Amino acid sequence: MIKWKEAGGVLAVLLTLAGLPALLWYWQAVALPHHYPPGTKIIALTATADGGLWTQDRIAGYSYWWRKPTRAEEIPLNQGDHVVLLVSSADVLHSFAIPLMRLGPVDVPAGHTVEVKFVADRPGILTFLCWQVCSPEHNNLRGRFLVKASAGAEGW
Amino acid sequence: MASVNVVQEDRVRLEGLKRPWRFDIFAHWPWLKRLVKMRSFQYLVILPNLILFYLFLIAGFFGTPVGNRNIIIVFVWILWWFLLIAVMVPLGSRIWCTMCPLPFLGDWLQRRAVVKVRSGKSPGTENQFFGLQKRWPKRLSNIWLQNFGFLTLATFSALLVTRPVVSAVVFGTLILLAAALALVYRLRTFCNYVCPISGFLSLYAMTSVVELRSADRDVCLKCKYKSCIRGSERGWACPWNVYMGKLDRNNYCGLCFECVKSCPHDNISLFARPFTTSDVALRGYDEVWKACIMLTLAFTYSVVLLGPWGRLKDWANVSEKHNWGGFAVFGASQALLALVIFPALYYLSVRIGKWLARADSIPTKELFLKYAYMLVPMGLLAWVAFSVPLAMVNGSYILGVISDPLGRGMNLFGTADFPWTPFHPAWVPFLQVPILLAGLYYGLRGLHKVGRQLFSDPQQLYRSMVPPAALLLGLTLVLMKLFIG
């Protein structure tokens, strides 16, 4: 009996060690995309006041201090894309807006993820930016969606 | 309560004093005894914490860097800390050590078992252990390492309690250190001599309302097996190297309940007892300094985290402000206060008390060690008072991280965006003041109790008590001023 208990005990520990990261990976890689209709373009955007940038890189505990995230300056889209932005902040309160589309401003509190949906129905350049004076580098917190036209489309 | 067997041992005198009542919990709730005697008991209480802890580590490394949105910060430094200091230690002694996941890997490597017991011969035991099984150096067989470890962590606390990755690195290091020490040294060397959490648990467990003791000490003294410390085929040798026949304080009993399993006479039981009444003797300078460090830290934390002095906060918060000069001043001042100034003040109070009492026959060292007990209940309750606003003001973060433990956009229970909602912050001072006053009361009562062991003349007793009591009163007033402004 005790042998079975021992084996069960070891198995539970090993399952935990392997299962927990697997569950988190499953949520991130499989469950989250399936949460939206097929074909939806999911873009994660994170704002950081330090350096004043929007990035598509994941900013996590391990990389916060020593990995410089890549600035998301230009993000290509196709006309007609249904876009879900998962906007988050790695440090302070930011605010997200795409002025040309009159989208936002939407508050993005530190550590929260805010969902912003839009359809890129016209070709052109859509500037997105932080709408809240968040830090000395606030003015650098901007980027652009480059919406590529489908044939015969009218731009902004 | 006719059925409640309160063991009044009025005639039993402990160091010249009446032994307080104790209530045999196992005798009255035998199911509890059956539960802890299960071989898998400790494994089953550790496993949930192990899973949570693993999640904390993952969250620390891979979750959001924002502290109040990351489960490792919110659960460990708000929920766990409050429960530990305000609930577990006073009500359960070292019950946290029963369920602590930090030494789990080390135990597993050392025993090559998570549930079963291995009979055999390893040095000083009737169990088979693996690893080098070396003896821990005698000069390190005290809590000085824990004192310095805790003080060091406390110096970096602004980082530790706000940066998930720092907490994850510290806890990950402690797990690896515990495992490495288990492979080299015997039993739970890490818990006994290294773990910074264990250090203050050992001190404040003295105040607890429970104790694990032999039901009849004579049975232990006559026992030829000494299975509690040596182990048997039913239980592992005491990981804390405690012999139940001599155990008279909670300090170094980690409540693993292995002795309950292995005792051939069924002589070990869990007792309830009054708060801060039974273990009233500090036995070494390491313990006295631990008491001084903990009280000093309760003071400096209150100054830095709750006080209105922005410059001090900036100095402590080196990760944001990068003011290394200021941080060095802060760290050095805190260490000086904890290791030199406060112990010196306490020593001075004891010396003056001795002079006032004309107690030349009592060595100053004895007075210094014994009177230090007054700092134990005061320290515990000062920490409780400090932790109350943390839980009440920041407790609502718990709801957010339960739904989104890593701060990556999950919403498991629909509470991810629950707003920060302080719980009746106006009540905080009304709770802190009575808690501090209770600390003062229990400190003075402890002082009086140990004083009676030393002085038969009440005049001498009270004269010797006046300066240490004044120090305690002064400290209470300073903390009160900090808490309520």
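1. Two strands count as paired if DSSP finds at least two bridges between them. In this predicted model, strand 5 (residues 94-98) and strand 6 of chain A meet that condition with four bridges, running in the antiparallel sense. One residue pair can be named: A:His94 has A:Val108, in strand 6 of chain A, as its bridge partner.

2. Both strands belong to an open sheet in chain A, made of five strands in the order 3-9-8-5-6. The pairing in this sheet is mixed. Its edges are strand 3 (74-78) and strand 6 (103-108) of chain A, each of which pairs on one side only. From one strand to the next, the twist averages 20 degrees.

3. Chain B is assigned two domains, with domain 1 covering 34-269 and domain 2 covering 294-484. Taken over C-alpha atoms, the centres of domain 1 and domain 2 of chain B are 25 Å apart.

4. Contact between the two domains of chain B involves 31 residues of domain 1 and 27 residues of domain 2. On the domain 1 side, the elements giving two or more residues are helix 3 (41-62), helix 4 (71-92), helix 7 (144-155), helix 8 (157-160) and helix 11 (196-204) of chain B. Helix 4 of chain B gives the largest share, 11 residues.

5. What is the make-up of the side of domain 1 of chain B that touches domain 2 of chain B, in nonpolar, polar and charged residues? That side has 23 nonpolar residues, six polar and two charged.

Definitions and conventions: Residues are numbered from 1 along each chain as its sequence is written. Chains are lettered from A and ligands numbered from 1 in the order in which they are written. This is a predicted model: local features need pLDDT of at least 70, side-chain atom pairs count only at pLDDT 80 or more; totals for chains, interfaces and linings use all residues. Domain bounds come from an automatic or database domain assignment. Two residues are in contact if their C-beta atoms, placed from the backbone, lie within 7 Å. Ala, Val, Leu, Ile, Met, Phe, Trp, Tyr, Cys and Pro count as nonpolar, Asp, Glu, Lys and Arg as charged, and the others, Gly among them, as polar. Axes are lines fitted to C-alpha atoms, for helices over the stretch in contact, and angles run from 0 to 180 degrees between N-to-C directions.
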